[in-house]
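Student: Hi, I've got this structure open and want to learn to read it. Can we go through it together?

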Amino acid sequence: MIEIRQTGTTLTFDLIDTVTAEDVAALKSAVEEAFEREQEIGIVADLSRWHDITGDAIEEDMGLELKLLGKLGRIGRIAFVSDKEWVQAMVNAVGPWMPGTTLRTFRGDAGAAAAGWAAG
């Protein structure tokens with residue numbers, strides 16, 4: 001499941017348990033709507049309660065990621081909330097490929113700090 005909310009110009013999504021293709025489709029719609037309303041957005045991805053993703057969801061997510069490539073300049077900051085080490089490794093690997101967007105990780109209990117930072 002993905003819980004999605006927008007506060008000001010910040011889009012927050014909490015991944016919980018298993019993420020499905022339907023969840024990713026809803027996320028894609030929320031991102032598109034945010035870009036219709038805002039020139040620039042911040043994103044908080046809370047992965048602290050996420051456990052798995054279906055194969056169909058991975059395919060749907062790849063489509064979302066490709067669609068976002070043309071809008072990277074409109075995403076100022078992305079905060080990832082998680083205690084998992086692979087999240088920091090991913091941020092370190094992907095960050096240099098995202099000029100104009102700053103990525104940062106926050107511990108699993110630091111969601112409020114992540115939201116404040118993403119709103120920047």
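Tutor: Start with Arg5, which makes a salt bridge with Asp14, with the closest N and O atoms 3.0 Å apart. A salt bridge here is a side-chain nitrogen of Lys or Arg within 4 Å of a carboxyl oxygen of Asp or Glu. Keep in mind that this is a predicted model: local features need pLDDT of at least 70, side-chain atom pairs count only at pLDDT 80 or more, and totals for chains, interfaces and linings use all residues. Residues are numbered from 1 along each chain as its sequence is written, and side-chain values use heavy atoms, with hydrogens and water left out.

Student: Is Asp14 buried or exposed?

Tutor: Asp14 is buried, with a relative accessible area of 6%. Arg5 is partly exposed, at 42%. Buried means under 20% relative accessible area, exposed means over 50%, and partly exposed is in between (1.4 Å probe, protein chains only).

Student: Why would such side chains pair?

Tutor: Side chains of opposite charge can pair when their charged atoms come close.

Student: How many salt bridges are there?

Tutor: The count comes to 4. One of them joins Lys28 and Glu60, at 3.2 Å from N to O. Lys28 lies in helix H1 and Glu60 in helix H2, so this pair ties together parts that are 32 residues apart in sequence. Glu60 is partly exposed, with a relative accessible area of 25%.

Student: What does Asp109 pair with?

Tutor: Asp109 meets Arg107 in a salt bridge, at 3.0 Å from N to O. Both Asp109 and Arg107 are exposed. There is also a network: salt bridges that share partners join Arg5, Asp14 and Arg49.

Student: New topic. What order do the strands of the sheet take?

Tutor: The order is S1-S2-S3-S4-S5, in an open sheet of 5 strands with mixed pairing. Strands (E, at least two residues) and helices (H or I, at least four) are DSSP runs, numbered from the N terminus. Two strands pair if DSSP finds at least two bridges between them.

Student: Which strands stand at the edges?

Tutor: Strand S1 (2-7) and S5 do. Each has a single partner strand, so one side of each is left without a neighbour in the sheet. Neighbouring strands of the sheet are turned by 15° against each other on average, direction ignored.

Student: How do S1 and S2 pair?

Tutor: They pair in the antiparallel sense, over 6 bridges. Ile4 stands opposite Phe13 in S2. Arg5 stands opposite Thr12 in S2. The S1 and S2 hairpin has 2 residues between the strands, and Gly8 there takes a positive phi near 60°.

Student: And what lies across the sheet?

Tutor: H1 lies across S1, S2, S3 and S4, and runs at about 10° to S1. H3 packs on the sheet too, touching S3, S4 and S5, and its direction makes about 165° with that of S5. Axes are lines fitted to C-alpha atoms, for helices over the stretch in contact, and angles run from 0 to 180 degrees between N-to-C directions. Contact means heavy atoms within 4.5 Å.

Student: What about the inside? How many residues has the largest nonpolar core?

Tutor: It has 27 residues. Phe13, Leu15 and Ile78 are among those with the most contacts inside it. A nonpolar core is a set of buried Ala, Val, Leu, Ile, Met, Phe, Trp, Tyr and Cys residues joined through side-chain atoms within 4.5 Å.

Student: Which element gives the largest share of this core?

Tutor: H1 does, with 6 residues. A second, separate core of 8 residues includes Ala79, Phe106, Ala110 and Ala114.

Student: Last one. How many aromatic pairs are there?

Tutor: There are 2. Trp50 and Trp86 form an edge-to-face pair, 6.0 Å centre to centre with 65° between the planes. Trp50 lies in strand S3 (residues 41-53) and Trp86 in helix H3 (residues 85-94), so the pair ties together parts 36 residues apart in sequence. Rings of Phe, Tyr and Trp (its six-membered ring) pair if their centres lie within 6.5 Å; planes under 30 degrees apart count as stacked, over 60 as edge-to-face and the rest as tilted.

Student: And which residue does Phe106 pair with?

Tutor: Phe106 pairs with Trp117, tilted, at 5.9 Å centre to centre and 55° between the planes. Phe106 is buried at 8% relative accessible area, and Trp117 is buried at 15%.
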